[in-house]
Every structure is written in C-alpha cells, then in structure tokens.
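I opened this notebook to keep track of what I looked up, entry by entry. The sequence and the model come first, and my notes follow.

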Amino acid sequence: MKHAAALVALLLIFLFTNAQINQVTGRVLDEQGKPLQGASIHVLNTTNGAITDIDGSYTLLNIPAGAQKIALVYLGLTPDTINVTIGSEKKIQLQPVTLKEKQEQMGEVVITSSLKQGGEAKAINITKNSEKLITVISAENIAKYPDHNGAEALKRVAGAAVQYDKGEGAYISLRGTPLDWTATLVNGNRLPVADEENFTRTFEFEVLPADLVDYIEVTRTVTPDMDGDNVGGAINFKTKYEVDRRSLEVSLAGGMSALTLKPSGNLHFSWADVSKNKKFSYAISTSYYGRYYGAQAYLLAYGSNFNQAANRFELKDYDGTRQTVGGNLFLQYKFSPKFKLTGKILVGTMLDD
C-alpha cells in the first residue's frame, strides 16, 4: 500500500513539473496596435501550435528544448518568425509582435470589354459620346415591339410624327415640319425617293424592314456636316457594321387579319461569322413580311364655302395584299487595326396589290 501511494505521488509530481516546463506566451498586434484574433502560431518542424484569442494572446506548451523558430501567420498580413531558445526557464514571456500589411507590386492589368452589337447599352453609349443632340434606337429595342418597317420603329421617338397608309406607318416628319423637310439616310448616305410617282423628297419607309437595322439615329438639330435641306431633322439607319463572333438569329411570327380573315407572316434570318485570324468577317440578313389588309369605311364630302350641303357620299369596301422583302449584306477585311475594307448592300422592296 505504501509503494502504491509513493508511485501516485511521483506521477503527480512528474505531471505537474512537465505542465510548467517550456511554456511560451505572447501577443500578436496589427499596425494600429489592435489585437489580432485568429492568428496562427506554430513551432516550425513540429506539430505544436495555437490560435490567438480575442485579445491577441497565445500560449505554446511542451516546446522541445533548444533553439526553435515560432511562425506567426495572419491572412492578408506579412508572416513573421521569432527565434526562441528553450533552456531551464519554465515560462517565457515574449514581446508583442506586430504583423504588417503585405506590400506587393502587381504587374500590368489590362481590362477590355465590348458592348453587344445592336444592343441597348451600345445605343446609350453612342448617344452619350455623340457631339450632336441625337436619339438612338437599337435593334434590341426594335425587337421588343411588332415594328415591321422603319416608320413604325420611329413612332415612339419624341418629336417624330408618323403618317399611316393602309394601317401601316409610311411617312415620318420631325418637329412638326412638312414630310419632305426630313432627310433620310442609310449609313450616312442620303436616300432617294422610293416611289417614281412621288414628285417630292418624301421617303416611303414601308420599303425598309426594321429587322435589317442595327441602329437608328434621329437628329433634330441641323449641323454643318449635314445636308442643307433637312430643316426638320435627319434619320440615319445604320446596318450591321462590325462582326466579332459567329451568330445566328431566326425569328418567325404570324397573325390573322380580323377584317379579311386571312393570315399574315413575318420571317427574319441573320447569319454572321468571322475567320479564325479575325481579319475577314461577314453578315447576311434577310426579311420577309406578307400580309392581307382590308378597309370598310365611308367618305362624306361637302360642297363649297357657299353650299354646305352634302355633295358626295362614298362607301369603301376593299382588300389587298402586301409583301415586303429585304436583304442586307456586310463584308469586311481588316488589313491592319487602322485600315479596313468594308462593303455594305441593303435592298428593300414592297409589292402592293
């Protein structure tokens, strides 16, 4: 019994003695002198380590005797090491260690971005950077509405008045001026009158399919670079002028005329591609819109200023068909970043029976 008691006493003395040997304590601070909680502390080449408390303090126990290196690591700060010699001292209190922010020199960072061709974001960017006061309509915006020709795509622009022919937008005037005071352009080139029977300069927008256009620029103020006869303003239709990736667009729509009880349909196809060396690019777009129309109306005509009685009464009941066909071809070859050879073809026609 005496031997057992002595053995227990020796064991307790051994555990108590080892618990008090080779204990290292310290603190970790940032550059403002605030404690760093969660810093990793470990003795190199050993499995001995600890994590700092809320006040930045740490305690390492049972460190092997001799010269040791203690590493201090905190995310986002420069790591540091402390050299400690473990000798006969049971407890070692280290001075607080300050970890500094990492000072690293980054290399050059180049960020490039591109706006979607025909997108609303690019239209806003064109408006913002223009030296003139313009309104830009994008193909993305046009596609949100059932607009089949250039006039209908412009009817939501402030200051633009649309005149209709057989239920479709046909003519545009800007700022309340006569129809032939508005200039119409495609890619900056003035368009002639589309109807040989029209003796004015009024353009018939029915022949220009809206889904062949990337952007429409509406200018209400006359500037020195514009034709002098555009008193009301100018409308510039921009077709696809840049291709940076392969793309395919197909849209199909249909309907029914409530008056004639006959169908209508719209088909649009667009294909664009660019070569592997990014030098040659092309885009092909086609559009077809066929519809039936009808009218049931009356016309009451009165006499002269001296005779206000009804002079003539007409009842109108007729129907017809219209077919609008258009195509757009874009070709471009880049000899260098500053020299490009570009070709564009736009065709539009309307048959009215």
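Is Arg245 buried, partly exposed or exposed? I looked this up first, keeping in mind that the model is a predicted one, and I found that Arg245 has a relative accessible area of 46% and is therefore partly exposed. Its side chain meets that of Asp244 in a salt bridge, with 3.4 Å from N to O, and Asp244, at 38% relative accessibility, counts as partly exposed too.

Entry on the other salt bridges. I searched the whole structure and noted 11 salt bridges. Salt bridges that share partners join Asp165, Lys166, Glu168, Glu206, Arg291, Arg322 and Asp352 into one network. I then looked at Arg156, which pairs with Asp147 through N and O atoms that are 2.2 Å apart at their closest. For this pair I wrote down two accessibilities: Arg156 is partly exposed at 42%, whereas Asp147, at 9%, falls under the 20% limit and so counts as buried.

Next I turned to Glu217 and Lys238, whose side chains form a salt bridge with an N to O distance of 2.8 Å. Glu217 belongs to strand S14 and Lys238 to strand S15 (residues 233–238), so this pair ties together parts that are 21 residues apart in sequence. Glu217 is buried, with a relative accessible area of 12%, while Lys238, with 22%, is partly exposed.

Entry on Pro209. Where does Pro209 lie between strands S13 and S14? I placed Pro209 in the loop that runs from strand S13 (189–190) to strand S14 (215–219). With a relative accessibility of 1%, Pro209 counts as buried. Setting aside neighbours within four places in sequence, I listed its contacts as His148, Asn149, Ser287, Thr324 and Gly326. I also checked Gly327, which is 118 residues from Pro209 along the chain, and found the two C-alpha atoms separated by 8.7 Å.

Entry on strands S19 and S20. I looked up how strand S19 (residues 310–336) is joined to strand S20 (residues 339–352), and found that the two run antiparallel and are linked by 14 bridges. S19 and S20 form a hairpin with two residues between them, and I noted that Lys334 stands opposite Lys340 in S20.

Entry on backbone angles. I recorded a positive phi of about 55° for Leu261, although this residue is not a glycine. Leu261 sits in the loop between strand S16 (247–256) and strand S17 (263–274), and its relative accessible area of 66% is over the 50% limit, so Leu261 counts as exposed. For Lys278, again not a glycine, I recorded a positive phi of about 65°. The loop between S17 and strand S18 (280–302) holds Lys278, which is partly exposed at 48% relative accessibility.

Notes
Residues numbered from 1 in each chain as written. Predicted model: local features only at pLDDT ≥ 70, side-chain atom pairs only at ≥ 80, totals over all residues. Heavy atoms only, no water. Helix = DSSP H or I, 4+ residues; strand = E, 2+ residues; numbered from the N terminus. Buried < 20%, exposed > 50% of the residue type's maximum accessible area, 1.4 Å probe, protein only. Contact = heavy atoms within 4.5 Å. Salt bridge = Lys/Arg side-chain N within 4 Å of Asp/Glu carboxyl O. Pairing = 2+ DSSP bridges.
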